[in-house]
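Visitor: Can you take me through this one? Keep it quick, and give me the cut-offs as we go.

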Amino acid sequence: MVVRSSHYLVANSCYFVTRYSYSWRRAAAAAAESNLLRCQVPITMDTTTPSPSKRQVITFVMTTQYNGFAYAGFQRQTRTPTSMISSNEEDSTTTTGKKRKRNNHNQELQATKNNNKSGRKSNAVVTVQDQIENALQKWTGLSLLTLRVRGAGRTDKGVHATHQVVAFDVPLSLVIDHDVEANNNEEDRDDDMKISAHALPLLKEAHQTLAKRKSASTDTETRLFIDQWKIRRAISTRLPTDIVIRSIRIWNGSAPFEARQNVACKTYIYRLRFRCIANAKSAEGQATNLHPICNAGPHLLRRLNDNNTVWLSQWPLDKDKLHQACEPFVGRHNFCNFVHKAERKVVGNSRPSLVRRRERYQQSTSKDADDENDDDKFLMDLFEFNLHLQPEEEPDKTLPPIIDATFSLKAKGFHRSQVRNLVGFVVDVARGERSLDDAKLLLGESDSMDDEKALPTVNSAPASGLCLANVEYEHNDFL
């Protein structure tokens with residue numbers, strides 16, 4: 001019995017040691033993976049301008065369009081799937097004619113939906129930048145650190161874009177004086193610093209175009225738009241159908257190109273569909289109460305080609321008040337109350353007092369105004385806040401008309417949720433929940449401001465109707 005017990009104890013101890021070692025190895029692997037994610041997350045967050053002497057690159061500037069309904073915004077988040085971070089994934093069509101592995105974007109979205117239906121939390125957060133980086137990695141074979149993908153605007157979850165500017169870099173040393181065989185046979189080069197065989201010829205052709213442009217005289221022919229359509233096709237075949245690349249150009253400026261710097265103007269549009277406020281008429285033609293269809297909800301406003309790109313208003317609106325409510329915001333104002341509360345907390349002033357903001361407004365409008373203080377981070381110029389109304393044809397002329405409204409806002413830059421909050425306030429005015437005087441009160445420009453009086457609540461419009469329409473730069477040194 002003693003011998004059997006000793007053997008039993010030894011066997012159990014070996015079992016627990018083995019199990020503990022296995023658990024420890026799993027924990028260590030998980031920790032290493034999480035550290036990898038943490039180390040690689042700031043890659044796209046770094047927008048510092050690299051020194052040209054240290055980093056000679058060819059910068060490609062893409063004009064992209066996307067439907068943001070299925071994505072958690074543009075910028076890559078911290079919970080990026082590991083399959084999208086790796087730069088050595090199984091790749092696409094090579095010169096040998098092998099078929100490329102198709103993009104699994106739809107499978108990932110379907111898996112996320114299944115996890116949500118089953119009640120399990122899904123950690124997979126897919127963004128537009130994830131998909132673009134994944135396509136670039138598969139095509140070039142380079143790492144995220146080398147490509148340094150960056151965008152002009154960090155659109156939120158569900159926001160769309162028709163002119164998002166995305167740039168990425170390719171080291172010049174990997175393109176110059178390297179053919180396909182030499183590039184693949186260099187043993188001393190890191191795997192993440194090797195350009196794939198099917199990307200190198202197109203990149204060399206783009207470099208030759210850039211070199212020819214720099215050596216040519218500044219005539220009209222050399223300033224023509226040159227779309228790198230071959231590169232655009234190679235990247236587009238690796239993207240899902242809801243992300244489109246409209247053009248790719250080469251940066252030809254003297255300073256490195258940064259998508260968020262030297263922006264002259266950004267244009268956002270917001271699409272809204274509503275039914276006009278109208279009273280029902282009696283048999284004698286006299287107006288009675290509000291027409292019942294005005295309270296029928298947004299379901300009668302749906303159209304086949306909406307694709308989650310328009311806000312269907314559940315309230316009837318006054319179209320005249322929509323125009324009137326847009327006018328007070330044009331010009332230089334303090335939009336503190338129309339910015340996301342998280343951004344106000346970062347600045348350190350969640351909501352300045354009304355009297356203090358009125359004093360700062362009077363100082364900013366005076367001729368001898370000093371430079372802006374730290375509290376005036378939300379003081380900006382809104383160049384344009386226009387509204388275009390397009391009525392729809394209704395078969396029944398007795399029903400109140402349906403109108404497609406398009407808001408257009410232009411400024412050098414916008415704060416987080418600013419456009420959606422402005423549109424939400426305008427809609428509240430048009431449905432009678434807010435007055436036109438509340439606009440000046442929220443901007444800190446009312447003469448009757450009092451700290452004891454509570455500010456009106458600003459409701460944010462849904463993200464589905466918002467779209468980044470255009471980004472203009474001060475220098476147009478694109479080839």
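**Loops, pockets and rings**

Visitor: How accessible is Asn262?

Guide: Asn262 is partly exposed, at 46% relative accessible area. With a 1.4 Å probe and protein chains only, buried is under 20%, exposed is over 50%, and partly exposed is in between.

Visitor: What kind of model is this, and what do the numbers rest on?

Guide: This is a predicted model: local features need pLDDT of at least 70, side-chain atom pairs count only at pLDDT 80 or more, and totals for chains, interfaces and linings use all residues. Residues are numbered from 1 along each chain as its sequence is written, and side-chain values use heavy atoms, leaving out hydrogens and water.

Visitor: Back to Asn262. Where is its place, and what is its phi?

Guide: Asn262 sits in the loop between β4 and β5. Its phi is near 55°, a positive value in a residue other than glycine. Most residues other than glycine have a negative phi.

Visitor: And Arg148, what about its phi?

Guide: Arg148 has a positive phi too, about 50°, although it is not a glycine. Its loop runs between α6 (144-147) and β2 (150-151).

Visitor: Is Arg148 buried or exposed?

Guide: Buried, with a relative accessible area of 8%.

Visitor: Zoom out. How many helices and strands are there?

Guide: The protein chain has 14 helices and 12 strands. Both are DSSP runs numbered from the N terminus: helices are H or I with at least four residues, strands are E with at least two. Of the 479 residues, 43% are buried.

Visitor: How big is the largest pocket?

Guide: Its volume is about 1000 Å³. The search uses a 1 Å grid over the protein atoms alone: a pocket is an open set of points with protein on both sides within 12 Å along at least five of seven lines, a cavity is a set where a 1.4 Å probe fits but cannot get out, and lining residues have an atom within 4 Å of a point. Points are joined across faces, edges and corners, and a volume is the space filled by probe spheres set on them.

Visitor: Which residues lie nearest the pocket's centre?

Guide: Gly153, Arg154, Phe414, His415 and Arg416, out of 38 lining residues. Strand β10 gives the most to that lining, with 4 residues. β5 (263-275), β10 (379-391) and α13 (418-430) each supply at least two.

Visitor: How do the lining residues divide by class?

Guide: There are 14 nonpolar, 12 polar and 12 charged. Ala, Val, Leu, Ile, Met, Phe, Trp, Tyr, Cys and Pro count as nonpolar, Asp, Glu, Lys and Arg as charged, and the others, Gly among them, as polar.

Visitor: What does Lys266 touch?

Guide: Leaving out residues up to four places away in sequence, its contacts include Ala152, Gly153, Lys410, Lys412, Phe414 and Asn470. A contact means heavy atoms within 4.5 Å.

Visitor: New topic. How many aromatic pairs does a search find?

Guide: The whole structure has 13. The rings of Trp311 and Trp315 have centres 6.3 Å apart and planes at 90°, so that pair is edge-to-face. Rings of Phe, Tyr and Trp (its six-membered ring) pair if their centres lie within 6.5 Å; planes under 30 degrees apart are stacked, over 60 edge-to-face, and the rest tilted.

Visitor: How accessible are Trp311 and Trp315?

Guide: Trp311 counts as buried, at 11% relative accessibility. Trp315 is partly exposed, at 26%.

Visitor: What about the rings of Phe329 and Phe385?

Guide: Their centres are 6.2 Å apart and their planes at 50°, so the pair is tilted. Phe329 lies in the loop between α10 (319-326) and β9 (331-334) and Phe385 in strand β10, so the pair ties together parts 56 residues apart in sequence. Both residues are buried.

Visitor: Which residues do ring pairs link into a cluster?

Guide: Phe329, Phe335, Phe338, Phe385, Phe407 and Phe425.
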